[in-house]
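Subject: Structure for you to look at

Hi,

Here is the structure I promised. Please open it and follow along with the notes below.

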Amino acid sequence: YPLIAALFYHLEQLPNMRSQINFYTQALMRGEKKSTKLRMMDTKSRIHQHQEATQVSATLNDEWTEHIDALECILGEWYSVANADIRRQCRSRLGSIWSNFESRTETGMSGVKMENTSSTGIKMTLKVLHRILQGAGTPLQKSHELLLNHHLIPLHRPNSMVLWRDQTSLLELYHEPLVQCIATLLQKKPEWIPNTIASLLEPDIWTKAGNTPKLVLLLHEIDTYIRVLPEPLTTKSFPSASAAKLCYSLGACISSDHSRLSERALSFMKNAKFEGLIHLYYEQSLKILLPHMVKSELPWNPTVRKMTYIFLKKCQDFDEERFLNCSIKCFPTGESFGPDTASLPPPRPKGKGTLKLGNAQPEDEGPKDFTIKAAMGQWKPPPTGSKGPVSGYQTTMPPPSNRAPRPPPPLG
């Protein structure tokens, strides 16, 4: 079928086409497509040139969006009326597009200077796949499991940014239809949920540092799949190994200094299915999560502090006795977090002055004024226009009274 081959060849060339459009619009913005005489014009001409370039860029973007929508419509309608042989060939070509995209992202296109266009067309193909999966019957076949494990889950591996200055993960461009496709499969086959979540937490997908936007997307996706778990929750529907792996990843996110990542991990407690998992593996979960939530230093973000308290309060409300036993096992020495009140000196009495006991000498409280004016003392700058020292003014600034004199430099 040469027409099918031509259509999918066009789909494979979409990233190159988008890259050429970006090169052209940026050249227009810089004025490289104009003559030297035009680039040397006054400010008014430059503003007019920039407005024209902006209009051309907006027109090209609108036409590009219409072109992608038309390709999606053509591919979807073509698949709906095709016979079994043509449908099989279309699915094979779609898998080839996803595999080529994965190989392109492994070469390290980071989007530092130019926009990363390697994912162009992936969102459109995933939308078509979502329509195909919605019409799939149950029970699912072996081919659906291969689709999940060999194409959909590996699409989470790209770790680059669209444009580094915007901090937009490449996964974000097609993440929504990707989650819809996987959720459709998991709704028809809930037994695949634990393995799917465990696969998303593998090191090749779950990056530990450097790409916080991607981790937030993965947390949102895992939260979505947990909501699909069937009731009632049992150790068979979600094994303990998958629960432990999930708790370790959540604990690392909770203890992160990035408030957005911590808030998204703590918001898992709003999910009733996740609360059921905590209750199902109570001791095992608290043993992993408590050291990450109860630390010697409180989080700097007030929202994270509040959400951490709510998380701990819900865990305590499940069973106070078991919560106390788990806390004792996590902190067997009974150390108290925060300053030790027994080692603090007694508070001073109210009022002015320092209390004197016997021959006790008043403590040197040190300087009370740390302003620049206090450090300058009586020094004043000489009047403007003076060429020499003036009586009544110091020509050099004395060292501050609250600072020890600087030692002489070493010799040799």
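Asp204 is partly exposed, at 39% relative accessible area (buried is under 20%, exposed over 50%, partly exposed in between; 1.4 Å probe, protein chains only). Its partner in a salt bridge is Arg157, at 3.2 Å from N to O. A salt bridge here is a side-chain nitrogen of Lys or Arg within 4 Å of a carboxyl oxygen of Asp or Glu. Asp204 sits in the loop between helices H9 and H10, and Arg157 in the loop between H7 and H8, so the pair ties together parts 47 residues apart in sequence. Helices are DSSP runs (H or I, at least four residues), numbered from the N terminus.

This is a predicted model: local features need pLDDT of at least 70, side-chain atom pairs count only at pLDDT 80 or more, and totals for chains, interfaces and linings use all residues. Residues are numbered from 1 along each chain as its sequence is written, and side-chain values use heavy atoms, without hydrogens and water.

The whole structure holds 10 salt bridges. Another one joins Arg322 and Glu283, with the closest N and O atoms 3.0 Å apart. Arg322 is in helix H16 and Glu283 in helix H14, 39 residues apart. Lys313 and Asp317 also pair, at 2.9 Å. They are 4 residues apart in helix H15, so about one helical turn separates them.

Now the helices. H4 (residues 43–81) and H6 (residues 122–134) pack at about 30°, with axes 10 Å apart. That makes them roughly parallel (angles under 35 degrees).

Best wishes

Note on methods
Axes fitted to C-alpha atoms, helices over the stretch in contact; angles between N-to-C directions. Helix = DSSP H or I, 4+ residues; strand = E, 2+ residues; numbered from the N terminus. Parallel < 35°, antiparallel > 145°, perpendicular 65-115°, else oblique.
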